[in-house]
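User: Please take a close look at one part of this structure for a reader who is new to it. Then connect that part to the rest.

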Amino acid sequence: MMSGRQTLGEIDRAVDEARARVAAVEAQVEAAEQQLQAQRRGQLEDYKALARLRVGLLADAALLKHLDQSEREVAALLAQRETALTLLKEQIQFAEAALRTLEAERNEQAARVDSAVQAADAAEARTQSRLAGDNAYMARRERATEVERKAAHAAEKADRSEAEREEKGVSYREDPLFMYLWKRRYGQPDDRAWALTRWLDGKVARLIGYADAGANYARLNEIPERLREHAAALASAAEAELAGLKALDEAARIEDGIPALDAAIVEAQAALDAVDRRIAQAQSDLQGLEVRKAFYAAGQDEYSAKALELVTSELQRDDLMELRREALATPFPEDDLIVARLLEREDERRRYDGALETLRESLVQARQRLDEVETLRTDFKRNRYDRADSQFGDAAMIAMMLGQFLSGALDRRNLWRVMQEQQRYRPERSDPGFGSGAFGRGTVWGGGLGDARRPGDIFGGLGRGSAGRTGGGAAGKRGGSSGGFRTGGGF
């Protein structure tokens with residue numbers, strides 16, 4: 001068993017791990033991008049070196065001047081990039097510090113919520129202990145329990161009788177002569193048929209033994225109706241007894257000041273929700289900054305884009321291509337060395353381009369996984385699964401599935417489903433199934449759950465007993481068929 005706070009700690013560690021993975025991939029992307037930029041700038045340097053070797057040509061002097069200008073523009077853009085990136089990193093540090101402050105504030109407020117929950121839980125436990133020692137209250141509870149039991153038993157009998165009517169009535173309903181006489185109300189005071197018709201109906205009735213069959217079929221239909229009326233009366237009495245018992249529970253809660261403690265939980269939880277909203281906004285702001293930083297790391301910021309465009313356009317100039325062709329045509333070894341270096345840089349650039357594309361895809365996937373695990377943490381806190389009275393059944397399974405989630409082997413929807421299945425609210429002292437809460441129709445006992453009280457899934461998940469009635473289908477299966485009705489004639 002693992003507490004909700006411990007489970008949140010595991011999710012926090014998963015967030016930290018996902019963030020570390022993003023940072024690691026970002027560093028790889030940034031390193032590859034810097035190497036690629038260095039290769040491009042190196043190509044400009046090589047072309048400048050070629051131009052210097054051919055200063056005897058007028059065009060080369062002009063080209064050298066142009067390359068110097070382009071190099072200065074690229075350097076200025078990269079300097080602006082570094083300035084903007086430094087400012088962005090400072091903003092990220094500030095946002096991270098603000099988020100840590102909010103998380104600390106949340107921990108303090110969560111502790112206040114837990115304290116309020118424990119106070120309400122302890123007060124309910126004391127109230128339940130007092131009521132358990134009250135003879136008049138216990139007698140009322142026993143009476144409500146007994147009436148509920150009788151109502152459930154009567155409902156089951158009515159269900160069985162209705163199932164028996166359906167089963168045994170088949171032979172009657174499938175006999176056309178019997179159903180003809182039954183619908184004609186033969187033999188009843190309200191039979192208004194002509195004398196000849198009654199005479200003919202009488203011959204049919206004697207032929208199929210309608211007198212006994214009709215009486216049996218009437219009883220077969222009448223008994224379930226009477227049993228259902230009886231069950232309904234007992235159900236109404238059970239509801240009245242339960243309402244009386246619930247009123248006693250509510251009065252005891254008011255007398256012991258529990259509603260005020262519940263209100264304190266609501267107030268503390270509202271303050272915690274407000275902190276969570278601020279945290280969500282802070283996380284959103286931080287994510288926006290981190291996305292911008294990822295663009296810088298990948299060389300997709302505006303400064304890198306302009307520098308790349310400038311270098312690329314320079315490297316594609318016709319005069320540079322002509323310079324390169326002339327260098328290849330000369331017999332001088334200095335030219336050959338520079339051209340060989342240019343070719344080598346082009347090969348390296350192609351390798352860096354391929355590696356960078358792969359790293360960028362990895363960065364996108366890592367950021368998506370980080371966003372998902374942060375959303376998981378937000379959902380976890382929004383559903384108040386980190387409260388003191390929240391527990392998770394299988395700690396090893398939670399840890400294993402978080403690992404699978406980070407590795408990409410499990411999606412967030414399935415992980416969340418497992419967490420919902422594992423999660424339970426368990427009051428430490430009070431019993432939500434005490435008194436009127438034991439009848440399977442809700443409870444006034446929150447167990448310190450305050451506004452998070454949801455009998456349909458929380459208390460149901462705790463396995464509290466109930467005295468609910470059994471439906472017709474179950475009763476029908478148990479009821480089976482028994483003797484007592486037989487049709488005459490051809491039945």
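**A close look at one helix residue**

Analyst: A282 lies in helix α8, which spans residues 258-297. Helices here are DSSP runs (H or I, at least four residues; strands are E, at least two), numbered from the N terminus. This is a predicted model: local features need pLDDT of at least 70, side-chain atom pairs count only at pLDDT 80 or more, and totals for chains, interfaces and linings use all residues. Residues are numbered from 1 along each chain as its sequence is written, and side-chain values use heavy atoms, with hydrogens and water left out.

Is A282 buried or exposed? A282 counts as buried because its relative accessibility is 12%. Buried means under 20% relative accessible area, exposed over 50%, and partly exposed in between (1.4 Å probe, protein chains only).

Which residues does A282 touch? Leaving out residues up to four places away in sequence, A282 touches L99 and L102. Contact means heavy atoms within 4.5 Å. E96 is 186 residues from A282 in sequence, yet their C-alpha atoms are 8.6 Å apart in space.

Now the cores. A nonpolar core is a set of buried Ala, Val, Leu, Ile, Met, Phe, Trp, Tyr and Cys residues joined through side-chain atoms within 4.5 Å. The largest one has 34 residues. V29, V373, F380, L402, L415 and M419 touch the most other members. Two or more residues come from each of α1 (4-53), α11, α12 (395-407) and α13 (412-422). α1 gives the most, with 10 residues. A second, separate core has 14 residues, including A84, I92, A95 and L102. In soluble globular proteins, nonpolar side chains tend to be buried together.

V29 has contacts of its own. Beyond four places in sequence, V29 touches A297, A298, L356, L359, R360 and L363.

Helix α11 covers residues 333-382 and holds D379. D379 counts as buried, because its relative accessibility is 16%. The side chains of D379 and R382 make a polar contact at 2.7 Å. A polar contact is a pair of N or O atoms within 3.5 Å; within protein, one must be able to donate a hydrogen and the other to accept it, and residues adjacent in sequence count only if both atoms are side-chain atoms. Outside four places in sequence, D379 is in contact with R412 and W416.

Last, confidence. The chain averages a pLDDT of 77, and 74% of the residues score at least 70. pLDDT is the predictor's confidence in each residue, from 0 to 100. Over residues 55-60 the pLDDT is below 50, and this stretch has 5 contacts beyond near neighbours in sequence.
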